[in-house]
Amino acid sequence: MIAFASLTKRFGGRAAVEGLSLEVLPGEAVALIGPNGSGKTTSLKAGAGLIRPSAGMVLLGRPGRPASDPEARRALSYLPQRVSFPDSLTGSEVVEFYRRLRDAPAGRAAEVLGFASLNGAGGRAVGTYSGGMVQRLGLAVAMLPDAPILLLDEPTAALDPDGLCAFYGLVQRRKQQGKTILFTSHQLGDAERLADRFAVLVEGRLVALLSAADMAARLSDRGVMRLRLDRRPPDLIDSLRAVAPRAVWAGDELLVPGPTAARPAALDLLRAAGVVIRALTVEEGRLDLLYRELVGGSRPDAPDLPEGAGPPPGARS
Ligand SMILES: Nc1ncnc2c1ncn2[C@@H]1O[C@H](COP(=O)(O)OP(=O)(O)OP(=O)(O)O)[C@@H](O)[C@H]1O
Ligand SMILES: [Mg+2]
């Protein structure tokens with residue numbers, strides 16, 4: 001496990017991370033998300049023992065030992081946000097170098113190069129690699145040691161869809177093996193796919209810590225059912241609001257925002273009112289909008305209605 005205990009890091013007078021307390025347990029993946037400059041990399045660097053906390057500490061393993069202790073750091077593997085390797089070495093040489101450094105068994109090199117799937121470029125100088133190839137190589141190196149704690153700083157930023165798929169599989173396997181995984185990402189899909197919990201950092205402070213179930217429930221709350229009906233009885237919206245308080249007409253469409261669980265009652269009510277449903281679509285809550293709410297960028301109670309979906313002038317609502 002890794003435990004951030006009231007971690008504060010100041011650069012000059014400015015706090016990059018302030019009072020961060022967070023535990024990531026074995027078998028768990030936590031996504032650290034937040035805007036640029038919110039302190040994600042600084043937190044991971046403190047976890048990797050690369051920067052000294054101004055206050056508080058980061059403990060690795062159980063019993064916890066400070067991340068500044070080189071012996072304790074053997075328990076972790078860290079993928080920096082910006083990876084760089086000597087240009088003149090080949091991908092295979094880079095992997096072999098780090099394999100020896102981390103004392104990993106010989107077979108691991110071929111295994112991680114297989115994951116990196118460099119399309120035969122393992123024998124080419126790293127200086128000739130594309131951005132995504134360097135990132136694949138960085139991930140391969142990070143996966144070399146069988147470390148119980150993985151700290152991955154934007155592991156997917158440059159990956160193509162195949163690379164993403166391979167990465168997701170890899171993290172799932174590591175999780176099943178009981179590894180402790182903390183990663184940052186601006187790709188919210190990564191977080192949704194991999195994370196058991198979401199830690200949201202804003203200006204160095206932890207502003208929200210949500211489980212995957214909390215996140216799913218919040219997204220469900222922000223879902224919208226859209227219906228086209230054969231007609232528009234005048235009192236329909238009032239009776240519908242008894243089960244779906246935010247129901248509203250938007251042009252020809254009836255929008256029923258709210259969680260999945262509320263939809264059957266709304267449909268029953270429509271049928272009981274004798275209207276015929278001509279079309280029905282459902283949009284689940286959008287992760288990007290929820291993220292904006294979490295980081296304070298939008299109104300918490302606004303449903304995720306698409307632009308222009310408000311009721312038209314003069315519409316009864
Ligand atoms: N070595 C440093 N010296 C001075 N300020 C720093 C240093 N490292 C980071 N900072 C500042 O700390 C704050 C947090 O930076 P950090 O790199 O942790 O953000 P981040 O959340 O990882 O951002 P991004 O999403 O862009 O990667 C920023 O204001 C940054 O300018
Ligand atoms: Mg960063």
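This tour moves from an open sheet to a nonpolar core and then to one of its helices.

The model is predicted: local features need pLDDT of at least 70, side-chain atom pairs count only at pLDDT 80 or more, and totals for chains, interfaces and linings use all residues. Residues are numbered from 1 along each chain as its sequence is written.

**The sheet.** Select the open sheet of four strands, ordered β2-β1-β4-β5 with antiparallel pairing. Strands (E, at least two residues) and helices (H or I, at least four) are DSSP runs numbered from the N terminus, and two strands pair if DSSP finds at least two bridges between them. At the edges stand β2 (14-24) and β5 (65-66), each with a single partner strand, so one side of each has no neighbour in the sheet. Next, display β1 (residues 2-11) and β4 (residues 55-60), which are joined by five bridges; Thr8 has Ala55 as its bridge partner in β4.

**The core.** Now select Ala31 and Leu182, which touch the most other members of the largest nonpolar core, a set of 61 residues. Such a core consists of buried Ala, Val, Leu, Ile, Met, Phe, Trp, Tyr and Cys residues joined through C-beta atoms within 7 Å; buried means that 20 or more other C-beta atoms lie within 10 Å of the residue's own, with C-beta atoms placed from the backbone.

**Helix α5.** Finally, select residues 131-142, helix α5, which gives this core its largest share, six residues. Nine of the 12 residues of α5 are buried, among them Met133, Leu137 and Val141.

Methods
Chains lettered and ligands numbered in written order.
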